[in-house]
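Please look over the sequence and the model below before reading on. The paragraphs that follow begin with a single residue and then widen the view step by step.

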Amino acid sequence: MDALILQTLNGLDKGSAYALIALGLTLIFGTLGVVNFAHGALFMIGAFCAVTLQRILSASYVTIDDSRTDFLGNPMEVETPYVHAWFGESVGAGIIEWSVPLAILFSIPVMLLIGFVMERGLIKHFYKRPHADQILVTFGLAIVLQEIVKYFYGANPIPTPAPDALTGSFDFGVLLGFDPNVIIYPYWRLVYFAFAALVIGAVFSFLQFTTFGMVVRAGMADRETVGLLGINIDKRFTIMFGIAAAVAGLAGVMYAPINSPNYHMGMDFLVLSFVVVVVGGMGSLPGAVLAGFLLGILESFASMTQVINLIPGINQIIIYVVAIVVLLVRPRGLMGRKGVMEE
Amino acid sequence: MLGLGKKDLGLLAAVAALTLLAPFLLNPFPSDSSLAQFNAGYPDLMQRFVIFGIFAIGFNILFGLTGYLSFGHAAFLGVGSYAAVWMFKLLTMNVIPAIILSVIVAGLFALLIGFISLRRSGIYFAILTLAFAQMSFALAYSVLTPITNGETGLQIALDDPRILGVSATADGSIPVTHLFGLEMRATEILNLGPWQFQFSAGYYLCAAIMLAAFYLSIRIFRSPFGMMLRAVKSNQQRLYYTGLNARPYTLAAFVISGMYAGLAGGLLASMDPLAGAERMQWTASGEVVLMTILGGAGTLIGPVLGAGFIKYFENIFSKLNDNVLHGWFAFLPDGLENAVVAIIHPFVGKGWHLTLGLMFMLVVIFLPGGLVEGGQRIGRLFRRKRGSEERAAQQTPAE
């Protein structure tokens, strides 16, 4: 029982990432009808937003401290981050330490901008082209983005720690009446899950309760009619693309402490996120979220030793197996609407 | 002749001439000149040209004709490689049984995957094939380690129980792959003045097989079966309404293209007897899509061109480094030289994938028909110009 709870918890953080990326993919697909293979790259760029902010905040100047000497006997060079100088030692250290949560604020405008540029500059020209062309051009874009990041940040993963206050683990088992140290769970993963839930809730309520969201939903259902009513639906869809990019970026920012960002993390997540979208049902937002968590948790169950002993290697392929079964048994996906992407 | 039309025969003859004379054509620069690094006429690279040519020709039979975009074709290549290496390990170092087995195994594998994936089309098909390929990749890395040797990759060892042949040669080294005694790595070197031309047995075997594969693909393109596949691409709905079931045709195309991929994998292993899981990764699948698109999907010659183009530039671009660049632009003033090198630097060497990605995007955006369409456009441009000149020439006397 405790193992099951532990695995469910373990699956939540990966599931959150899947859900957020799949949500963005579905938003783009549902509004613009474009299959975006570059979405994983957006997730990766989000993670590198956190890295960048951390570097910006740690930018420091060098002073020579005559009172101390280094091991060669020369006067010691002391690096002082600018934030230390501006805000005082303790506040400055705090700012650097909290750079990952701060990167959320930093990444939103960056990702929105990237999303707008991408949609206006490239995707716009592919609405009328076949899906194969959309897949190919965004695949090319993903390679380009990935290589640009690799050029600037190198090929090695860059550790981006979470704030000290959130690095510990939380003894979940005690709460539920188990022995201590049976179910322990890192704080940051809890934060990640809560954050994902918040973002997902925000996106849904934005679509459900604002006029803008209503128009977008109407456009998803029948783009032509909305256009005939004199509403500039293209502009709104562009904004939705930006939001989808921002959601992927946020997922990336918060994922940085869990998995040190490297340039190919986007590709690794992309394939799985597509599978998640297909399982959830193409064009269904709740489906994407549900399938994201479901597959994350399933993956984590499959990596339990008992299961691996039973079916070796199952943890590597469980998601694909589920996807294949779902596509064959229920091609529309778990919550897919009728008539979306059906030939 | 050979059941081909005049035009196709010309095309086949042109490809045959190009591949057979490749050691000359790809070595235009004397080996002591500074341009020698642009030479591609060494066996290893030439083999890759034709092997990936085969891979792309096969992919084109599926994607170019039926329009089904498979994102997992590298899986068949990988399976073919493994099959071939196992044949080397267990039966004989002769390449023929290895190649035959790799084609058969890849074909069976394609039959299985195709049977399931082809129930869906469009993006679902792409994702299904991608999922299968990633699954094979993951399995090859983990559970199937006894068969695939995991991360290290499957290699030939000294203690292989080879039924026909010896486990180790008399001097205690690993035997090499051969075709009835003709070693695949055997290379004749012809020195003509400063030029050095290399004729590799392995290359000519691959080239001969590639020509056969190309011939077969022309026959498929021109056959009623090929017509049927094109009908699937242009309007599957209408095909159903006429009472035809498209799936057997698409499945056949899928299996054929899988067998081509297996053949390519088998040849790769025959030239260099090792097989690794990374050959099955989805980036490898993306590469063959790229080759086909770049050359021109749905055209006969396109995939061959695309494969050659990408493999050539991959090789040349990734070899360029800052020293070479500085050498090239030495004629510029120093500041300008450094600036030019700094601009080019991200695109060459390790940054070759950036160039590849950009090229890919540009082709998809501006030239969806690939190099073949580009060539046709240029050809049309010239023809029109000549046409207008002729008209102008005719008009002049009338004045």
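Does A:Pro257 count as buried or exposed? The model you are looking at is a predicted one, and within it A:Pro257 has 24 C-beta neighbours inside 10 Å. A residue is called buried if 20 or more other C-beta atoms lie within 10 Å of its own, so A:Pro257 counts as buried. Its place in the chain is in the loop between α11 and α12 (265-280) of chain A. If its neighbours within four places in sequence are left aside, A:Pro257 is in contact with A:Val100, A:Thr160, A:Pro161, A:Ala162 and A:Trp188. A:Leu23, by comparison, is 234 residues away from A:Pro257 in sequence, and the C-alpha atoms of the two are 22 Å apart in space.

B:Leu35 is found in the loop between α2 (22-25) and α3 (43-66) of chain B, and with 9 other C-beta atoms within 10 Å, B:Leu35 is exposed. From B:Leu35 to B:Leu205 there are 170 residues in sequence and 29 Å in space, taken from C-alpha to C-alpha.

Chain A contains 15 helices and four strands. Its radius of gyration is 22 Å, close to the 20 Å that the globule rule gives for 343 residues, and chain A is therefore as compact as a globular protein of that length. Along the principal axes, the C-alpha trace of chain A spans about 75 × 55 × 35 Å. Of the 343 residues in chain A, 47% are buried, and among the contacts in this chain with a separation of 6 or more, 73% are between residues 24 or more positions apart.

Chain B can be described in the like manner. There are 17 helices and six strands in chain B, and its radius of gyration of 23 Å is close to the 21 Å that the globule rule gives for 399 residues, so chain B is as compact as a globular protein of that length. Its C-alpha atoms fill a box of roughly 85 × 65 × 45 Å along the principal axes. Buried residues make up 44% of the 399 residues of chain B, and residues 24 or more positions apart account for 73% of its contacts with a separation of 6 or more.

For chain A, UniProt lists residues 16-35, 42-64, 102-123, 190-216, 237-258, 270-295 and 307-329 under "transmembrane region". In the model, residues 237-258 of chain A are 86% helix and 0% strand, with end C-alpha atoms 32 Å apart, whereas residues 42-64 of chain A are 74% helix and 22% strand, with end C-alpha atoms 41 Å apart. For chain B, the spans that UniProt annotates as "transmembrane region" include residues 46-63 and 201-221. Residues 46-63 of chain B are 100% helix, and their end C-alpha atoms lie 25 Å apart; residues 201-221 of chain B are also 100% helix, with end C-alpha atoms 30 Å apart.

How does one helix sit among its neighbours, and which of its residues are buried? In helix α9 (residues 211-221) of chain A, the residues A:Val216, A:Gly219 and A:Met220 are buried. Seen down the axis of α9(A), these buried residues fall within an arc of 100°, so they line one face of the helix. An α-helix has 3.6 residues a turn, so residues three or four places apart point the same way. The face of α9(A) turned away from the buried side carries the exposed residues A:Thr211, A:Met214 and A:Ala221, while the buried residues pack against α1 (2-32), α8 (187-209), α10 (223-228) and α11 of chain A.

Apart from its neighbours within four places in sequence, A:Val247 is in contact with A:Leu20, A:Leu23, A:Gly24, A:Val199 and A:Val203.

Notes: Residues are numbered from 1 along each chain as its sequence is written. Chains are lettered from A and ligands numbered from 1 in the order in which they are written. This is a predicted model: local features need pLDDT of at least 70, side-chain atom pairs count only at pLDDT 80 or more; totals for chains, interfaces and linings use all residues. UniProt positions are given in the numbering used here, feature names are shortened, and annotations may be inferred rather than shown by experiment. Helices (H or I, at least four residues) and strands (E, at least two) are DSSP runs, numbered from the N terminus. Two residues are in contact if their C-beta atoms, placed from the backbone, lie within 7 Å. The radius of gyration is taken over C-alpha atoms; the globule rule is 2.2 Å times the number of residues to the power 0.38. A residue is buried if 20 or more other C-beta atoms lie within 10 Å of its own, exposed if 12 or fewer, and partly exposed in between; C-beta atoms are placed from the backbone. The arc is that of the directions from the helix axis to the C-beta atoms.
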